[in-house]
Amino acid sequence: MTKRPLHPRSLAAQAMGKIDPLTKAVVPPIHVSTTYIRDEDNAYSSGFIYGRPDNETVHEAQAVLAMLEEAKAGALLFSSGMAAATAVFQALSPGDHVVASKVMYWALRSWLLTEATRWGLKIDFVESDDLDKLKAAVKPGVTKLVWIETPSNPLWTITDIAAAAEIAHAAGARLAVDSTCASPVHTRPLTLGADIVMHAATKVLNGHSDVIAGALCARQDDEFWARIKTVRKGQGGILGPFEAYLLMRGMRTLHVRQERQSASAMALAQKLAAHPLVSRVLYPGLPQHPGHDIAARQMEGGFGFMLSVQVTGGEAAAVATAAHVELYKRATSLGGVESLIEHRASIEGAGSPCPPDLLRLSTGIEDVDDLFADLDQALKAGHR
Ligand SMILES: *Cc1c(COP(=O)(O)O)cnc(C)c1O
């Protein structure tokens with residue numbers, strides 16, 4: 001008899017269902033040991049040698065994420081999203097050509113423009129939501145990596161992952177996707193042809209704004225994935241066992257949080273689109289969003305928890321609106337159970353495509369009517 005496969009939400013809720021063999025504990029213990037006993041014949045029969053590359057709690061959290069992303073080659077956790085992302089670029093060689101999304105997480109764009117360039121990577125930034133521009137930027141035989149973020153910070157532009165994978169592969173390059181804001185609940189890029197998926201696990205995967213963590217998942221256990229493992233082990237940007245445990249606890253509720261957050265984000269986007277003090281709502285769930293049709297194809301069960309609004313009255317009104325929120329928290333980051341608001345242009349600095357009248361909203365799990373009422377009163381107070 002073949003067993004019916006379990007839904008990812010069932011496996012995630014039980015963190016893969018592992019029971020501690022010694023105590024039968026339903027929640028596995030946190031493994032803190034930095035070192036492991038060698039056998040009398042000098043072998044390491046457990047497979048664990050030293051705590052930097054080998055930690056069971058980290059492995060357990062990686063197994064949950066690999067399952068969620070349908071990552072055949074597995075997942076690797078890192079000390080932060082930036083440590084995960086930069087490991088991909090550090091696995092390239094000096095002189096390699098990279099094409100990256102113009103609209104992306106600002107700190108990574110800044111790292112690519114400074115450190116990665118200093119190490120000899122040649123990087124072209126392109127509006128990857130425009131496939132003709134992406135195709136024109138990729139150089140067959142020369143480009144080694146295409147890096148996209150979708151939906152991308154803070155405009156929530158959508159790149160067609162399957163089409164980008166075809167373009168990258170036709171040129172002999174790999175496709176990596178920063179899927180932080182989609183989460184595996186809505187999009188699984190590896191099933192659409194991507195080679196590597198990156199997450200700032202700090203955000204919605206953990207979901208409680210109390211862990212900094214990053215992750216990579218791979219479709220194929222090839223020489224590039226091996227090099228990424230070597231970079232992680234050598235540079236030591238690993239996740240500690242306590243953080244791995246907290247992340248695993250967060251992922252147990254990922255599906256319920258995401259469903260609530262995405263449904264609320266959609267409701268807020270619709271209401272804000274009709275608000276007289278809002279000039280534009282950027283949310284891929286709205287039919288007027290330029291990426292809506294592609295998002296409807298490649299995102300399942302919702303369009304994510306992130307949206308941005310442009311307010312009437314320009315930058316001053318945007319900053320004043322953020323100053324008047326009461327329930328929303330005025331803070332950077334995203335994906336937690338608490339809703340956050342941020343004037344992005346003040347953070348992103350020169351070279352950012354972020355308009356000055358934009359406020360970024362991360363939708364939490366609070367009552368959606370409370371969230372809208374708070375934005376409504378803040379918009380009115382900010383325009384006085
Ligand atoms: C936060 C974030 C990162 C960086 O993650 P850290 O854990 O802060 O290093 C990368 N990409 C996106 C889309 C993010 O939101």
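Student: What is the order of the strands in the open sheet of five strands?

Tutor: This is a predicted model. Begin with the general idea: strands of a sheet pair through backbone hydrogen bonds, either parallel or antiparallel. Here the order is β8-β9-β12-β11-β10, and the pairing is mixed.

Student: Which strands stand at the edges?

Tutor: The edge strands are β8 (278-282) and β10 (329-330). Each has a single partner strand, so one side of each lacks a neighbour in the sheet.

Student: In which sense do β9 and β12 pair, and over how many bridges?

Tutor: Strand β9, residues 306-311, pairs with β12 in the antiparallel sense, over five bridges. M306 has S362 of β12 as its bridge partner. L307 is partnered by L361 of β12.

Student: How many bridges join β11 to β12?

Tutor: Four bridges join them, and the two strands run antiparallel. Strand β11 covers residues 340-343.

Student: How do I read the side chains of a strand?

Tutor: In a regular strand the side chains alternate between the two faces of the sheet. Now apply that to β12. L358, R360 and S362 point one way. L359 and L361 point the other way.

Student: Are those β12 residues buried or exposed?

Tutor: They are all buried, whichever way they point. The cut-off for buried is under 20% relative accessible area. Strand β12 spans residues 358-362, and five of its five residues are buried, so the strand is largely enclosed by the rest of the structure.

Student: How much of the protein chain counts as buried?

Tutor: Of its 384 residues, 55% are buried. The accessible surface is about 16600 Å², and carbon and sulfur atoms hold 56% of that.

Student: What secondary structure does the protein chain have?

Tutor: There are 14 helices and 12 strands. The radius of gyration is 21 Å, close to the 21 Å that the globule rule gives for 384 residues, so the chain is as compact as a globular protein of that length. Its C-alpha atoms fill a box of roughly 75 × 50 × 45 Å along the principal axes.

Student: What share of the contacts with a separation of 6 or more comes from residues 24 or more positions apart?

Tutor: Such residues account for 72% of those contacts.

Student: How far apart are the mean positions of the positive and negative charges?

Tutor: They lie 2 Å apart, for 37 positive and 41 negative charges.

Terms used: Residues numbered from 1 in each chain as written. Predicted model: local features only at pLDDT ≥ 70, side-chain atom pairs only at ≥ 80, totals over all residues. Heavy atoms only, no water. Rg over C-alpha atoms; globule rule 2.2 N^0.38 Å. Buried < 20%, exposed > 50% of the residue type's maximum accessible area, 1.4 Å probe, protein only. Contact = heavy atoms within 4.5 Å. Areas by Shrake-Rupley, 256 points an atom, 1.4 Å probe, with all protein chains shown as cover. Lys, Arg positive; Asp, Glu negative; His and termini not counted. Charge placed at Lys NZ, Arg CZ, Asp CG, Glu CD. Pairing = 2+ DSSP bridges.
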